[in-house]
Amino acid sequence: MGDTIVLNGDGSLTVPDMPVVPYIEGDGIGPDIWHAARMVLDKGVAVAYGNEKRIRFMEVYAGEKAHERSGKWLPLETLDAIRKHRVAIKGPLTTPVGGGVRSVNVAMRQELDLYACVRPVRYIPGVPSPVKTPEKTDMVIFRENMDDLYRGIEWEAGSKDALEMIDFLAMKGIELSPDTGIGIKPMGEANTRRLVARAVDYAARNNRGSITLMHKGNIMKFTEGAFKRWGYEAATGMFPDIVVTEEELFEKLDGKLPKGKILIRDRIADNLFQQVLLRPDEYDIIAAPNLNGDYISDALAAQVGGLGLSPGANIGDECALFEATHGTAPKYAGLDKVNPGSLILSGVMMLEHMGWNRAAGVITRALEQTILDRVVTYDLARLIPDAIEVKCSEFATAVCVRMKE
């Protein structure tokens, strides 16, 4: 059996010693990496807490497996189970390109109001990187999940709806060619404010010194520019005792951030891509609209070795869903080959979210030691001299062997 995690009135969680946590295996390589990740999570909890704590994982369905069972890509029962149990974990799900079903990943985030996509990006020693000093990269991306291009509002070129929109824009003095496809980019104040508020709260609880609002407000003044303005208002208005703007930093504080304070600033998107490459150690947390956040997350992941070891979570006020950040890689499905690190580290984020930090630390240290020992899957083995190449499941076993309190 098991017990349900309880959401308290202040937003905190009461986690029982044997919580029920729904999981979705995922499509393609999903079953392989989930089997490996579960082995590591179960072992980490056992090493940290002995018989005092244990997770009761409960399978729920989405994606191809759900469609085969019920004819539905995202059953309501799955959403209800995640809402009820507050915390869940999943492997990657198939998203057809250019047609077919709507992205199940996107649908889950929006149906569950998981408005913050949280992506920590930190270098793990021993992982090959294309940059000279990857150890300077240690950031957390807060990407807004409800607005921007994630809404998927668009009309195909030449369609009736696109032509009607072109006619409407013409009445506003905006001339577009009839062969133009149309997309709409909405940006909401409430969604922006709660994203930035969550980023500030995270910074305060994790001793992070700065938050950078990433935007293209010099061009898109009423969407991305509004994201910047609303972000500043949320940070300074909701956290006046701890937040300092960049203007205040230099005009009132001689450029020196007092201990316990958090700097809030903004950067134009294209400039920030350059900054995180040239001066990564100057950035802690980046809060961004959906598309900017998507781009910068993957770019930063590349700086520390790629998506194979990049964890992620989608978090709302009611529940949280932790997941691998890469795709389904169908050509490797069932081969017990790929790197399970992304899902393992997403599981570490889940344990931290639950307050089980001891288990999270046990797993993180063991995974890092495994990589330092050059015991890695094929993606890293081809880049690390004298590496010991292992299968997906063997990597999980190697991590478990290295666990200690």
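Visitor: In which loop does Asp148 lie?

Guide: In this predicted model, Asp148 lies in the loop between β7 and β8 (154-155). The phi of Asp148 is near 65 degrees, a positive value in a residue other than glycine.

Visitor: Is Asp148 buried or exposed?

Guide: Asp148 has a relative accessible area of 0%. Buried means under 20%, so Asp148 counts as buried.

Visitor: What is the phi of Arg86, and where is its place?

Guide: Arg86 also has a positive phi without being glycine, with a value near 75 degrees. Its place is in the loop between α3 and β5.

Visitor: In what sense do β5 and β15 pair?

Guide: Strand β5 (residues 87-90) and strand β15 (residues 320-324) are parallel, paired over four bridges.

Visitor: How many residues of β10 are buried?

Guide: For a strand, one asks which way each side chain points and whether it is covered. In β10, six of its six residues are buried. Ser210, Thr212 and Met214 point one way, while Ile211, Leu213 and His215 point the other way.

Visitor: How many bridges join β10 to β12, and over how many does β10 pair with β13?

Guide: β10 and β12 run parallel and are joined by six bridges; the bridge partner of His215 in β12 is Ile268. With β13, β10 pairs in the parallel sense over three bridges, and Leu213 stands opposite Ala287 there.

Visitor: Where is the place of Arg208, and which residues is it in contact with?

Guide: Arg208 has its place in the loop between α6 and β10. It is buried, with a relative accessible area of 14%. Leaving aside neighbours within four places in sequence, Arg208 is in contact with Asp138, Met139, Val140, Tyr202, Ala203, Ile262, Asp284 and Ile285.

Visitor: Why do the buried residues of α9 line one face of the helix?

Guide: An α-helix has 3.6 residues a turn, so residues three or four places apart point the same way. In helix α9 (residues 269-278), the buried residues are Ala269, Leu272, Gln275 and Val276. Seen down the axis of α9, they fall within an arc of 105 degrees and therefore line one face of the helix. These buried residues pack against β7 (138-144), β10 (210-215), β12 (262-268), β13 (285-288) and α10 (290-303).

Visitor: How is a helix crossing read, and at what angle do α6 and α7 cross?

Guide: One takes the axis distance, the angle and the handedness together. The axes of α6 and helix α7 (residues 224-238) come within 8 Å and cross at roughly 50 degrees, which means that α6 is oblique to α7. The crossing of α6 and α7 is right-handed. In α6, the residues that meet α7 include Leu195, Val196 and Val200; in α7, those that meet α6 include Phe227, Trp230 and Met238.

Visitor: At what angle do α1 and α11 pack?

Guide: Helix α1 (residues 30-49) and helix α11 (residues 341-354) pack at about 40 degrees, with their axes 9 Å apart, so α1 is oblique to α11. The crossing of α1 and α11 is right-handed. Ile33, Trp34, Ala37, Val40, Leu41 and Val45 in α1 meet Leu343, Ile344, Gly347, Val348, Met350 and Leu351 in α11.

Definitions and conventions
Residues are numbered from 1 along each chain as its sequence is written. This is a predicted model: local features need pLDDT of at least 70, side-chain atom pairs count only at pLDDT 80 or more; totals for chains, interfaces and linings use all residues. Side-chain values use heavy atoms; hydrogens and water are left out. Buried means under 20% relative accessible area, exposed over 50%, partly exposed in between (1.4 Å probe, protein chains only). Helices (H or I, at least four residues) and strands (E, at least two) are DSSP runs, numbered from the N terminus. The arc is that of the directions from the helix axis to the C-beta atoms. Contact means heavy atoms within 4.5 Å. Two strands pair if DSSP finds at least two bridges between them. Axes are lines fitted to C-alpha atoms, for helices over the stretch in contact, and angles run from 0 to 180 degrees between N-to-C directions. Angles under 35 degrees count as roughly parallel, over 145 as roughly antiparallel, 65 to 115 as roughly perpendicular and the rest as oblique. A crossing is left-handed if the near helix is turned anticlockwise from the far one by less than a right angle, and right-handed if clockwise.
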